[in-house]
Amino acid sequence: MSYVEARGLSRIYTAGDTKIQALDSVDFTIEDGQLTIILGPSGSGKSTTLNILGGIDSATSGSLTVGGQDICQLKEKGLTDYRRTQVGFVFQFYNLIPNLTALENVELTAGLSNDPLAPALLLDSVGLADRFRNFPSQLSGGEQQRVSIARALAKNPRLLLCDEPTGALDSETGKKVLIVLASMAKLNHKAVVIVTHNAAIAPAADRVIHVRDGHILKIEDNPTPVDMESISW
Ligand SMILES: Nc1ncnc2c1ncn2[C@@H]1O[C@H](COP(=O)(O)OP(=O)(O)OP(=O)(O)O)[C@@H](O)[C@H]1O
């Protein structure tokens with residue numbers, strides 16, 4: 001069984017008399033220890049998929065099992081526990097707390113878990129061993145994003161969900177962030193999911209889910225992903 005299994009997943013938004021079918025009965029799976037990219041143009045349903053995976057939005061119909069548990073059946077408390085213990089989020093604009101240092105930002109999340117990863121080791125593993133005591137304003141965009149990855153991983157989630165994590169970064173800086181994310185899948189055996197409209201990074205993923213207008217166009221498995229170093233955009 002795959003770590004994540006979505007079956008017939010749909011999301012309809014209602015705005016007045018208008019119904020918007022953001023996701024139309026999609027089926028996909030996501031594996032532990034892999035980098036999965038959900039790729040599609042603006043409005044294709046990428047963020048909707050990520051938000052449902054993260055338990056911050058609910059499907060209108062269908063099922064979504066994560067680690068064997070159907071999260072579509074969870075009530076509010078179950079969803080809160082799910083978000084707190086099983087999911088880490090990385091956003092386009094880092095969302096670090098400005099008056100806490102890099103280390104304190106990561107420690108804050110570690111404090112939410114019964115089984116946290118060591119904040120200092122995580123900052124070390126994203127290449128920021130010498131920046132523990134810096135505040136976000138003293139770090140570059142790429143460095144802040146690496147702090148936000150360490151922060152997302154501190155509570156030791158199995159699923160790491162990243163919404164356009166390189167959207168605010170130049171190609172070289174973005175690449176460093178992607179290298180960290182790909183290594184977290186492999187070394188820490190996380191299921192890392194990136195949603196993006198940037199097709200250039202797709203060859204470095206283990207699986208690419210192509211979405212458009214709420215549908216899945218195709219799912220590609222890539223047994224030999226290219227080295228992230230060789231990619232540019
Ligand atoms: N809360 C909402 N209410 C109404 N419509 C919504 C809502 N959220 C998303 N939609 C619509 O659902 C569709 C899919 O949106 P979604 O944000 O998932 O796309 P996306 O692929 O992430 O786009 P982008 O790359 O621009 O972020 C769009 O037509 C969008 O306008």
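This is a short tour of the structure above, one selection at a time.

**Before you click**

You are looking at a predicted model, in which local features need pLDDT of at least 70, side-chain atom pairs count only at pLDDT 80 or more, and totals for chains, interfaces and linings use all residues. Residues are numbered from 1 along each chain as its sequence is written. Helices (H or I, at least four residues) and strands (E, at least two) are DSSP runs, numbered from the N terminus.

**Stop 1: the ligand**

Select the ligand and the residues around it. The shell has 13 residues, and the closest are Tyr 13, Ala 22, Ser 42, Ser 47 and Thr 48; a residue counts as near if its C-beta atom, placed from the backbone, lies within 6 Å. Strand E1 (4-15), strand E2 (18-30) and helix H1 (46-53) each give two or more residues to this shell. H1 has the largest share, with three residues. Colour the shell by type and you will find four nonpolar, eight polar and one charged. Here Ala, Val, Leu, Ile, Met, Phe, Trp, Tyr, Cys and Pro count as nonpolar, Asp, Glu, Lys and Arg as charged, and the others, Gly among them, as polar.

**Stop 2: the four-stranded sheet**

Next, select E1, E2, E4 and E5. These strands form an open sheet in the order E2-E1-E4-E5, with antiparallel pairing; two strands pair if DSSP finds at least two bridges between them. E2 and strand E5 (69-70) are at the edges with a single partner strand each, so one side of each has no neighbour in the sheet. E1 and strand E4 (residues 61-66) are joined by five bridges, and Arg 7 has Ser 63 in E4 as its bridge partner.

**Stop 3: Leu 23**

Zoom in on Leu 23, which sits in strand E2. Is Leu 23 buried or exposed? Leu 23 counts as buried because 27 C-beta neighbours lie inside 10 Å. The cut-offs are 20 or more other C-beta atoms within 10 Å for buried, 12 or fewer for exposed, and partly exposed in between, with C-beta atoms placed from the backbone. Among its contacts are Leu 9, Thr 48 and Gly 214; contact means C-beta atoms, placed from the backbone, within 7 Å.

**Stop 4: the six-stranded sheet**

Now show the open sheet with the order E6-E7-E8-E3-E9-E10, where pairing is mixed. Its edge strands are strand E6 (87-90) and strand E10 (215-221). E3 and E9 run parallel, joined by four bridges, and Ile 37 stands opposite Val 208 in E9. On to E10: strand E9 (residues 207-212) pairs with E10 in the antiparallel sense over six bridges. Val 208 also stands opposite Glu 220 in E10. E9 and E10 make a hairpin with two residues between them, and Asp 213 in the turn has a positive phi of about 50°.

**Stop 5: the core**

Finally, select the largest nonpolar core, which has 60 residues; Ile 37 and Val 193 are among those that touch the most other members. A nonpolar core is a set of buried Ala, Val, Leu, Ile, Met, Phe, Trp, Tyr and Cys residues joined through C-beta atoms within 7 Å. Helix H6 (residues 171-187) gives the largest share, seven residues.

Definitions and conventions. Two residues are in contact if their C-beta atoms, placed from the backbone, lie within 7 Å. Lists of a residue's contacts leave out its neighbours within four places in sequence.
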